[in-house]
Amino acid sequence: MDRWSKHKCRRRAVENEFLTGVKIYYNEETRRDALMGNIKKGNGKFYIGESEDNVQAEITFQEVEGVLTVDHTFVSEELRGGGVAGKLVEQVVTYAREEGKKINPVCDYAKKKIERTPAYQDVLA
């Protein structure tokens with residue numbers, strides 16, 4: 001990790017500690033993996049982590065008759081604030097397009113993200 005990256009990491013930890021009272025040391029490699037597309041497909045979910053049972057971030061959905069109902073988005077403290085949730089939503093949108101499906105977002109975050117992104121409107125159920 002170069003000097004600038006260490007500074008940014010340290011600054012984020014200090015900002016987070018100030019806002020939440022909890023000191024978090026970010027794993028820049030994990031964040032970079034998430035933003036570089038290291039998102040895995042699981043059973044009714046896309047996730048970042050070692051396995052489906054040990055996730056650092058995930059977006060879950062139920063599929064019924066060609067409609068993906070997105071019901072939950074989670075990003076661990078370690079990855080928050082880096083655009084990971086947005087990347088998970090993007091992954092679900094890409095999957096829906098590739099599979100010819102629509103999305104019914106009931107998760108508040110996914111719903112706002114999809115409704116506010118003009119490029120995602122074509123997949124709304």
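Predicted model: local features only at pLDDT ≥ 70, side-chain atom pairs only at ≥ 80, totals over all residues.
In which sense do β2 and β3 pair, and over how many bridges?

**View 1. The open sheet consists of five strands.** The strands follow the order β1-β2-β3-β4-β5, and their pairing is mixed. At the edges lie β1 (40-42) and β5 (102-105), each of which pairs on one side only. From one strand to the next, the twist averages 40°. In general, the strands of a sheet pair through backbone hydrogen bonds, either parallel or antiparallel.

**View 2. β2 and β3 pair in the antiparallel sense.** Six bridges join the two strands. Ser51 stands opposite Asn54, a residue of β3.

**View 3. The largest nonpolar core has 24 residues.** At least two residues of this core come from each of β2 (45-51), β3 (54-64), β4 (67-75), α3 (84-99) and α4 (108-116). The element that gives the most is α3, with eight residues. Phe46, Val70, Val92 and Ile103 have the most contacts inside the core. In soluble globular proteins, nonpolar side chains tend to be buried together.

**View 4. Val92 is among the core residues with the most contacts.** Leaving aside residues up to four places away in sequence, Val92 touches Phe46, Ile59, Phe61, Leu68, Val70 and Ile103.

Notes
Residues numbered from 1 in each chain as written. Heavy atoms only, no water. Core = buried A, V, L, I, M, F, W, Y, C linked by side-chain atoms within 4.5 Å. Buried < 20%, exposed > 50% of the residue type's maximum accessible area, 1.4 Å probe, protein only. Helix = DSSP H or I, 4+ residues; strand = E, 2+ residues; numbered from the N terminus. Contact = heavy atoms within 4.5 Å. Pairing = 2+ DSSP bridges. Axes fitted to C-alpha atoms, helices over the stretch in contact; angles between N-to-C directions.
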